[in-house]
Amino acid sequence: MKRRIDSLIMRNRISGYSEYVNLIRENKEKYDEFMGYITINVSEFWRNADQWTILENKILPMVIKDNGIKVWSAACSTGDEPYSLAMLLADHLPISKIRIMATDLDKQVLLKAKSGIYSEKSLAGLPARYRNKYFVRKNDSSFEIVGDIKRCITFKEHDLLNANYPSCFDLIVCRNVLIYFTDEAKTAVFKRFNRSLNDGGILFLGSTEQILYPKEVGFAPISSFFYKKL
Ligand SMILES: C[S@@+](CC[C@H](N)C(=O)[O-])C[C@H]1O[C@@H](n2cnc3c(N)ncnc32)[C@H](O)[C@@H]1O
């Protein structure tokens with residue numbers, strides 16, 4: 001993070017941190033540049049395929065209800081994750097019963113997510129059956145996700161460190177962002193996720209983001225990266 005900020009300061013030909021802080025406080029464009037630079041937005045469809053297998057076979061039967069499912073994809077970046085979720089869920093439920101809220105701090109990635117347009121390369125990891133069923137070719141190099149899948153998802157700006165948390169979710173997916181948070185911030189986020197889940201709800205984390213003492217934040221481990229609300 002320090003390396004990134006230092007290189008941004010150099011690029012703006014600024015002498016030190018205080019001057020840079022003043023600049024981003026006063027200049028909206030520079031503030032947006034800063035946010036875009038420090039939020040690491042790497043994402044891909046079906047990221048860590050083995051975890052999606054566990055989600056489908058072991059977790060979904062625990063969280064899908066007669067009236068459907070309500071999911072929160074927190075720190076969703078460019079939308080690859082919530083769209084992957086919607087396609088997987090559509091194998092198990094009528095699309096009208098899938099409600100996904102997808103949030104991120106970074107406005108730019110949310111715009112891309114809402115557009116639903118992706119390069120061939122970013123779809124590389126997605127099982128072919130989903131790609132064939134839910135994407136239409138836009139031109140030589142890009143594909144657009146179909147409206148039915150887009151309509152399952154509401155994209156919103158949300159800061160995991162500051163904002164109020166939405167509630168009543170059966171499943172919260174939050175992957176590859178908590179790794180950047182302090183231990184104190186992670187603990188606060190886990191407790192708030194716990195309150196955002198319905199009874200028996202599941203939290204799905206990224207590969208390097210296991211909860212060290214799950215019971216203390218109200219969770220029981222179910223499987224690697226999956227925790228059930230106690
Ligand atoms: C590496 S991406 C992860 C995307 C996706 N979850 C995945 O695993 O592929 C991390 C995302 O977290 C977002 N982010 C960083 N800090 C955040 C915060 N405090 N609240 C919400 N989102 C945040 C970034 O904007 C970025 O889009």
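Two strands count as paired if DSSP finds at least two bridges between them. The model used throughout is predicted.

**Exercise 1.** Determine the strand order of the open sheet and identify which strands stand at its edges.

*Solution.* Step 1: the sheet has seven strands, and reading across it gives β6-β2-β1-β7-β8-β10-β9, with mixed pairing. Step 3: on average, neighbouring strands are turned by 20 degrees against each other, direction ignored.

**Exercise 2.** Describe how β2 pairs with β6, and find the residue of β6 opposite I100.

*Solution.* Step 1: β2, residues 98-104, runs in the parallel sense with β6, and five bridges join them. Step 2: the residue of β6 that I100 faces is I153.

**Exercise 3.** Which strands does helix α4 touch?

*Solution.* Step 1: α4 (residues 49-63) packs on the sheet, where it touches β1 (69-74), β7 (169-174), β8 (197-205), β9 and β10 (226-229). Step 2: the directions of α4 and β8 make an angle of about 165 degrees.

**Exercise 4.** Characterise the ligand shell and the largest nonpolar core.

*Solution.* Step 1: the ligand is surrounded by 22 residues, of which T39, S43, A75, S77 and N176 are the closest. Step 2: by class, this shell comprises nine nonpolar, six polar and seven charged residues. Step 3: the largest nonpolar core holds 48 residues, and A86, I172, C174 and L203 touch the most other members. Step 4: beyond four places in sequence, C174 contacts A74, A75, F193 and L205.

Key: Residues numbered from 1 in each chain as written. Predicted model: local features only at pLDDT ≥ 70, side-chain atom pairs only at ≥ 80, totals over all residues. Helix = DSSP H or I, 4+ residues; strand = E, 2+ residues; numbered from the N terminus. Axes fitted to C-alpha atoms, helices over the stretch in contact; angles between N-to-C directions. Contact = placed C-beta atoms within 7 Å. Near = placed C-beta within 6 Å. Nonpolar A, V, L, I, M, F, W, Y, C, P; charged D, E, K, R; others polar. Core = buried A, V, L, I, M, F, W, Y, C linked by C-beta atoms within 7 Å. Buried ≥ 20, exposed ≤ 12 C-beta atoms within 10 Å, placed from the backbone.
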